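Welcome, and thanks for taking a look. Please have the sequence and the 3D view open side by side as you read this short briefing.

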Amino acid sequence: MKEACEMAIVARDLVKVYRIAQRWPGVLGGLRTLFSPKYHDVRAVQGINFDIPAGQFVGYVGPNGAGKSTTVKMLAGILHPTSGTITVNGLSPQSQRQRLAWQIGVVFGQRTQLWWDLPTVDSFELLAAMYEVPRNDYLDFMKTFSDLLGINEFLDTPVRRLSLGQRMRADLAAALIHRPRVLFLDEPTIGLDVVAKSRIREFLQQINESRGVTILLTTHDLRDIEELCKRVMVINHGRLVYDGSLSSLRDSAGLPTVLSVKYDSLPRGLQEGSLISANGDGARNNHDTGWTVESIDRPTGTVRVAFDRNRSSAPSVIWAMRSFGEIMDVSLTEPLIEEIIKRLLKSE
Amino acid sequence: MQYRFDFLASCAIQATMGLYDFLLVAVILWKFKTVAGWSIYEVGVLYAASRVGYGAYRMVCNELERFENYIVTGEFDSILIRPYPTLFVLLSRDFDFARVTWMVQGIALLVICAPTLIRGGTLTWTGLFCIMLTCVWSFLLHGAVALGTAAAAFWIVRIEELQVFTLNATSSATLYPLDIYPGWLRAVLLYVIPIGMGNYVPVRYVLGKGGTPMSLVLPPLVAVCSLLVAYRLWRWGETKYHSTGS
């Protein structure tokens with residue numbers, strides 16, 4: 001019982017199998033499907049365990065189709081697990097769904113929870129009524145969230161006419177109107193521009209710190225994780241492949257930013273997989289920089305170098321790359337979660 | 001209700017549709033004078049009970065009619081995160097006020113037909129009261145059938161055709177006295193998809209065309225039981241909900 005009080009979220013041996021009906025091919029396939037259905041099972045989540053203490057900010061990452069959303073939907077009481085148990089704030093999201101709903105907030109980046117045709121403020125009013133928020137608390141909410149998220153800028157605009165960034169701010173505010181203890185965020189920064197993203201991040205940090213709200217955030221954007229989450233869980237093919245701090249994830253997998261350098265002619269003395277040192281001599285002894293040649297595209301003379309942003313700056317890498325030839329153009333690619341997982345699996 | 005013209009236009013469309021349905025019945029009666037021993041006024045009463053019930057159902061439960069969308073798009077997610085029963089949250093999302101025209105039509109028909117029948121001695125005032133109650137049973141029965149059909153979407157997703165079969169077709173069929181149908185079809189409309197319980201059984205008894213006092217007790221009983229079964233199915237379906245990928 002003590003554990004249940006301290007832990008905001010507990011998942012044990014969580015499994016979700018989707019049974020998908022397959023259509024028989026051919027003209028009479030539809031008929032055949034009706035009478036002798038053929039199924040195949042998709043194991044979206046296969047035995048996940050974790051505990052999240054109250055007040056923690058956890059990042060939940062993985063490639064598309066890894067089972068992120070499925071997990072979050074099970075935690076929020078939307079889906080029923082095939083097997084395993086979940087406790088959120090000491091309640092079962094399945095058998096005590098309604099009771100738990102008072103205590104959690106949910107935001108899906110892809111879909112709004114607001115009333116599409118109504119002015120934004122009407123959605124807040126409706127939700128306040130739905131969650132029986134006292135009038136004073138509601139006014140307090142409007143004031144606080146106008147300060148934090150600027151929702152006062154578009155209160156009279158119908159939700160369908162909000163920009164994506166505004167809509168996300170409105171959705172976040174709406175999910176917090178009843179002061180939930182736990183917040184589930186499924187891709188809240190998806191599709192947003194840099195400014196909107198950083199505004200949302202700032203806000204989430206504040207909510208987590210000032211109110212002690214437990215937050216589980218799924219994302220594709222590693223920046224979200226870097227700036228917000230002390231703990232990261234990585235899911236791949238329905239299994240947790242990593243659960244720990246961001247710094248040790250970086251130690252085991254690195255967060256490789258890729259610098260593409262285009263030379264006027266084929267650079268000398270570079271090979272795929274070779275390490276580069278700070279003075280640019282392709283040194284064998286400089287493991288500490290960790291700059292690796294990922295690939296060399298010979299026809300265009302483009303070299304891709306992976307490095308860790310937190311250890312080296314992009315200019316220092318460019319500086320070192322100068323010694324291999326005349327640089328025509330450079331570009332930076334931020335690390336993708338797919339890349340991290342590939343490295344993580346490789347390092348194990 | 002923010003678009004007044006839109007509301008008036010849909011009222012007009014609903015009224016025309018309802019009128020069209022009745023004209024069809026009326027033309028047949030006008031030609032043949034009686035259908036299976038039912039006069040035009042008697043069929044009018046039968047028709048009224050069903051229309052008021054169906055209209056009330058469509059007004060309150062409009063979201064059940066388009067429930068397929070909730071499953072296909074995964075919109076049902078946002079209903080499940082609210083701290084109330086899903087059916088309640090679903091139905092509270094929208095009312096189709098234009099359907100009030102169906103109810104008005106039904107009531108108007110009753111106002112036209114009932115006095116003639118009372119004067120002719122076929123209908124008593126108590127009987128008229130029973131018919132008004134029958135509208136409520138009809139409402140509940142339509143709701144139960146619709147709820148059961150909607151619940152099927154948790155398993156089979158696409159239910160639009162099924163809805164036509166279970167509700168639209170049966171509701172239209174019971175606008176006529178069930179005596180005109182073969183026995184098996186009558187049985188289906190009374191015991192399998194019991195829409196016929198909501199008008200035919202009690203109206204037939206009230207108009208002295210057969211049945212026992214049980215004909216007045218059975219409809220509410222069947223209505224409540226159907227609702228319970230349908231709601232059970234709905235709750236079970238909730239646990240089978242798949243949502244959609246993002």
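This is a predicted model: local features need pLDDT of at least 70, side-chain atom pairs count only at pLDDT 80 or more; totals for chains, interfaces and linings use all residues.

Chain A holds an open sheet of six strands with mixed pairing, while in chain B the helices α8 and α9 pack at an angle of about 170 degrees.

**The sheet in chain A**

- Reading across the sheet, the strand order is β5-β6-β7-β3-β8-β9 (chain A).
- At the edges you will find β5 (104–108) and β9 (239–245) of chain A, each of which pairs on one side only.
- From one strand to the next, the twist averages 15 degrees.
- For a closer look at one pairing, follow β8 (residues 231–236) of chain A, which joins β9(A) in the antiparallel sense over six bridges.

- Helix α7 (residues 164–176) of chain A lies across β5 and β6 (182–186) of chain A.
- The direction of α7 in chain A is at about 165 degrees to β5(A).

**The helix pair in chain B**

- Helices α8 (residues 125–156) and α9 (residues 160–173) of chain B have their axes 9 Å apart, at an angle of about 170 degrees.
- Because angles over 145 degrees count as roughly antiparallel, α8(B) is roughly antiparallel to α9(B).
- On the α8(B) side, the contact is made by His142(B), Val145(B), Ala146(B), Thr149(B) and Ala152(B).
- Facing them from α9(B) are Leu162(B), Gln163(B), Thr166(B), Leu167(B) and Ser171(B).

Technical notes: Residues are numbered from 1 along each chain as its sequence is written. Chains are lettered from A and ligands numbered from 1 in the order in which they are written. Two strands pair if DSSP finds at least two bridges between them. Helices (H or I, at least four residues) and strands (E, at least two) are DSSP runs, numbered from the N terminus. Axes are lines fitted to C-alpha atoms, for helices over the stretch in contact, and angles run from 0 to 180 degrees between N-to-C directions. Two residues are in contact if their C-beta atoms, placed from the backbone, lie within 7 Å. Angles under 35 degrees count as roughly parallel, over 145 as roughly antiparallel, 65 to 115 as roughly perpendicular and the rest as oblique.
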